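Subject: Handing over the structure

Hi there,

Here is the structure I promised to pass on to you. Have a look at it first, and then read on for what turned up in it.

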Amino acid sequence: MAQDKPPILLRPINPDSAQEIRLVATRMRETLIEVIGAEEGGSMYTLDWLEDRVRFHLDPSRSTAQVTVSTRADGFITGHCLVRVEQDEAAPPFGLFATTYVEPASRKQGIADTLLIHGESWMHQQGLALARTYTAESNTPLIRLYEKHGYAIEARYPEKKMIALARRLG
């Protein structure tokens, strides 16, 4: 008999919890390490800077954004997703997936899919017509996740070994 998957529970991060903010910031660093390697990814940003970046997404005076965490039934945080309204100089505002992370033991359970769909829903509620994320061109798992949801490579930045994935929301 197939084992049932545990439910994927989503909630906003607790903006008053230094522990949750630190956990998300630490996992943002882990994302960088996984994608671009320990030397570069581990030294790119300080933990203080990453914590401030989480707080940036929580402060309406600094950004229009949402920080969502996924949890198990016991409250353990399995993943997170930071989304925000972003503005280019010459284009209309768009929804940006700033970062998404699922801790390794919780992968392959649909959490990343659920976070992506939830982020798109928030973007749609903001009246945005386009969703985008940037990642390393070597980040095959994330690229496949987004492609599965209808995203396509919109731009390549060879000098940075990065790509932009985007899709129209509707």
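Which residues lie nearest the centre of the largest pocket? They are Thr31, Val35, Thr135, Asn139 and Leu142, out of 46 residues that line the pocket.

Before the rest, a word on the ground rules. This is a predicted model, in which local features need pLDDT of at least 70 and side-chain atom pairs count only at pLDDT 80 or more, while totals for chains, interfaces and linings use all residues. Residues are numbered from 1 along each chain as its sequence is written, and side-chain values use heavy atoms, with hydrogens and water left out.

**The pocket**

The largest pocket holds about 1600 Å³ of space. Here a pocket is an open set of points, on a 1 Å grid over the protein atoms alone, where a 1.4 Å probe fits and protein lies on both sides within 12 Å along at least five of seven lines; lining residues have an atom within 4 Å of a point. The volume is the space filled by probe spheres set on the points, which are joined across faces, edges and corners. At least two lining residues come from each of H1, helix H3 (47-58), strand E4 (94-102), H4, strand E5 (130-136) and helix H5 (140-148). Those labels are DSSP runs numbered from the N terminus: helices (H or I) have at least four residues and strands (E) at least two.

**Helix H4**

Helix H4 (residues 111-125) has 15 residues and spans 21 Å from its first C-alpha to its last, close to the 21 Å expected at 1.5 Å a residue. The expected span is 1.5 Å times one less than the number of residues. The buried residues of H4 are Ile111, Asp113, Leu115, Leu116, Gly119, Glu120, Trp122 and Met123. In this email, buried means under 20% relative accessible area, exposed means over 50%, and partly exposed is in between (1.4 Å probe, protein chains only). After H4 comes glycine 127, with a positive phi near 80 degrees.

**Salt bridges**

There are ten salt bridges, counting a side-chain nitrogen of Lys or Arg within 4 Å of a carboxyl oxygen of Asp or Glu.

- Glutamate 34 pairs with arginine 107, with the closest N and O atoms 2.8 Å apart. Because glutamate 34 is in helix H1 and arginine 107 is in the loop between E4 and H4, this pair ties together parts that are 73 residues apart in sequence. Glutamate 34 is partly exposed at 46% relative accessibility, and arginine 107 is partly exposed at 32%.
- Arginine 72 and aspartate 74 meet at 2.9 Å, N to O. Arginine 72 counts as partly exposed at 37% relative accessibility, whereas aspartate 74 counts as exposed at 56%.
- Glutamate 120 and arginine 167 also form a salt bridge, at 2.9 Å from N to O. Glutamate 120 sits in helix H4 and arginine 167 in strand E7 (residues 162-168), so they link parts 47 residues apart in sequence. Glutamate 120 is buried, with a relative accessible area of 11%, while arginine 167 is partly exposed at 24%.

**On the surface**

Ile36, Met44, Tyr45 and Trp49 make up a nonpolar surface patch with about 320 Å² of accessible area together. A patch takes residues with over 30% relative accessible area and no salt bridge, joining nonpolar side chains (Val, Leu, Ile, Met, Phe, Trp, Tyr) within 5 Å and like charges within 9 Å. The areas come from the Shrake-Rupley method with a 1.4 Å probe, and for residues only the protein chains shown count as cover. Isoleucine 36 belongs to helix H1 (residues 18-36).

**Two lysines to look at**

Most residues other than glycine have a negative phi. Lysine 108, in the loop between E4 and H4, has a positive phi near 65 degrees and is exposed, with a relative accessible area of 83%. Lysine 161, in the loop between strand E6 (152-157) and E7, has a positive phi of about 60 degrees and is exposed at 56% relative accessibility.
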